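Q: I have a new model open on my screen and would like to learn how to read it. Could you walk me through a few features?

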Amino acid sequence: MTSNFNVPQVLPPSDPKLVVNGGSTLSGHVIVSGSKNSALPILAATLCCSGSSNLKNVPYLSDTRTMASILESLGAQVMSFGGDMVVNTDGIVSVEPDSSDVGKLRGGFFVIGPLLARFGEACVGLPGGCDIGARPVDLYIHGLRALGATVELRDGKVQAHVSNGKDLIGASFRLGYPSVGATETLMMAACMAEGKTVISNAAQEPEIIDLAGFLTNCGAVVEGAGTDTLYITGRRKLYGSEYSIMPDRIEVGTYMLAAAITRSCISISPVAHITLTCLADKLSGAGCKILQLSDDTLELSAVPWTIGDDLRGFSVKTNPFPGFPTDLQPLTMALLSTCKGVSVIEESVFENRMSHVTELQKFGAKIQVCGSRATVSGKGKASPLRGSQVNATDLRGGMSLVLAGLAAEGITEISGISHVDRGYESLEMKLQGLGANVIRTTTTTFPV
Ligand SMILES: CC(=O)N[C@H]1[C@@H](OP(=O)(O)OP(=O)(O)OC[C@H]2O[C@@H](n3ccc(=O)[nH]c3=O)[C@H](O)[C@@H]2O)O[C@H](CO)[C@@H](O)[C@@H]1O
Ligand SMILES: C=C(OP(=O)(O)O)C(=O)O
């Protein structure tokens, strides 16, 4: 701890911050939560179902709470008990969700597909989510039109209806890009459309398979989930069911990177190994040792006596699944700034996902950005990161600062932590369980 830190300047309460005293190693076991990016479309899909859906392993996050509020604003009943959420959408009274809530997350927009399919109309504000690019909704609109809906953008809202009170009609169409959210939204709509739908160039992310699993449990007929072509046969009615949300593969990746950046050894479960092959290959190539301890548990070791000289840098390009996940790009950049050698990161999914760079540079990270490419030059642990006062402006960029703080020598204070709370359940508790020195505070303690 620096001496300045011992004499904190206490400012009035404000947004929560994380304060990390970094530089020490992690150890032990961490249990990952249910997947945010599965829970959000599955919560939207409950709008397709008569009767109650009992969802298990729903992560307790600001995003899942906001999604529950969105469903409630439509007239759904939502009850939470621990990680369970029971949703009944039989009493829906509105097809226009609260726009301020939809504006808080990308997943809020997904309700347009189920609302249109079940009730014949929907009026949904433009979504929010991480500020990492323009993130238009044109692919959703093209797909809904292909299914027979009339869709217009008016007063900042997407207004859609099915002509003459009829059902959506199954169709064959190709997505211009394998968008995760558009694939999910159109899959939900097609499940209740009349006849067959074929969606080609569909996203293949594991969360698509999870959504298809829930819909199938509810009586839908979906084939091909996890490949680039979905074949869906519409059903007039779907019925709520019990379903357990898959583990969060991005959270697994986050803790793998936390172990690597602190040169530690930790174990992680539950893990669906197949969902993280890309990251595991890159980390193994860098010198980490990854062991599969059991079907759903892995151990990652980056302790000095297993990695030899030091971790080596590597180059990576983000891509839709099965490519390297864009959601792990900022966190990987934090790790690479502590590795030996020159690494190149190319972000190909979002056009503006580099805002963490200026904050990582405050730790002393050597990163140069040119368009969508970042070059990271590191000397390994021989030139360590230094604790800093930084600001999170998006979810994963914010988490990259937490990782840098864990590795850095001295104190790091991260403001804007509400962005990180959108996607990490019990963050400081899990990190503390691994031995990290991290606390949440609403007062400023950093020397100013
Ligand atoms: C809630 C959720 O599941 N979020 C995830 C989802 O976001 P999301 O579903 O928003 O991501 P998409 O796959 O749709 O976006 C990928 C690219 O397609 C573009 N695009 C998308 C739709 C559209 O109509 N037009 C268009 O041009 C986007 O601007 C972006 O450049 O997948 C992303 C890519 O793995 C992840 O980073 C997000 O964590
Ligand atoms: C980009 C993300 O989320 P969202 O799509 O909700 O903004 C994310 O989870 O990293």
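This is a predicted model: local features need pLDDT of at least 70, side-chain atom pairs count only at pLDDT 80 or more; totals for chains, interfaces and linings use all residues.

Q: Which strands form a hairpin, and how many residues are between them?

A: Strands E17 and E18 make the hairpin, with two residues between them. E17 covers residues 289-294, and E18 covers residues 297-301. The two run antiparallel and are joined by five bridges. To find your place along the pair, look for Gln292, which stands opposite Leu298 in E18.

Q: Does strand E17 lie in the open or is it buried?

A: A residue counts as buried if 20 or more other C-beta atoms lie within 10 Å of its own. Of the six residues of E17, the number buried is zero, so the strand lies largely in the open.

Q: Now the helices. What span should helix H3 have, and what do its end C-alpha atoms show?

A: The rule is 1.5 Å times one less than the number of residues. H3 has twelve residues, 62-73, and should span 16 Å; its end C-alpha atoms are 16 Å apart, which agrees.

Q: Which residues of H3 are buried, and where do they fall around the axis?

A: The buried ones are Asp63, Thr64, Thr66, Met67, Ile70 and Leu71. Looking down the axis of H3, you will find the buried residues within an arc of 160°, so they line one face of the helix.

Q: Which residues are buried and which exposed in helix H10?

A: In H10, residues 277-286, the buried ones are Leu279, Ala280, Lys282, Leu283 and Ala286. These cover an arc of only 165° around the axis, which puts them on the same side of H10. Thr277, Ser284 and Gly285 are exposed on the other side of H10.

Q: And the ligands? How many residues surround ligand 1?

A: There are 22 around ligand 1, and the closest are Asn37, Leu139, Ser179, Val180 and Gly181. Helices H2 (36-45), H6 (138-146) and H7 (180-191) are the elements that each give two or more residues to this shell. By type, the shell divides into twelve nonpolar, six polar and four charged residues.

Q: What surrounds ligand 2?

A: Its shell includes Asn37, Arg106, Cys130, Asp327 and Arg396. The shell holds three nonpolar, four polar and three charged residues.

Q: Why does ligand 2 lie between domain 1 and domain 2?

A: Domain 1 (3-33 + 247-441) and domain 2 (36-244) both give residues to the shell around ligand 2, so the ligand lies between them. Ligand 1 lies between these domains too, because both give residues to its shell.

How values were computed: Residues are numbered from 1 along each chain as its sequence is written. Chains are lettered from A and ligands numbered from 1 in the order in which they are written. A residue is near a molecule or strand if its C-beta atom, placed from the backbone, lies within 6 Å of it. Ala, Val, Leu, Ile, Met, Phe, Trp, Tyr, Cys and Pro count as nonpolar, Asp, Glu, Lys and Arg as charged, and the others, Gly among them, as polar. Domain bounds come from an automatic or database domain assignment. A residue is buried if 20 or more other C-beta atoms lie within 10 Å of its own, exposed if 12 or fewer, and partly exposed in between; C-beta atoms are placed from the backbone. Helices (H or I, at least four residues) and strands (E, at least two) are DSSP runs, numbered from the N terminus. Two strands pair if DSSP finds at least two bridges between them. The arc is that of the directions from the helix axis to the C-beta atoms.
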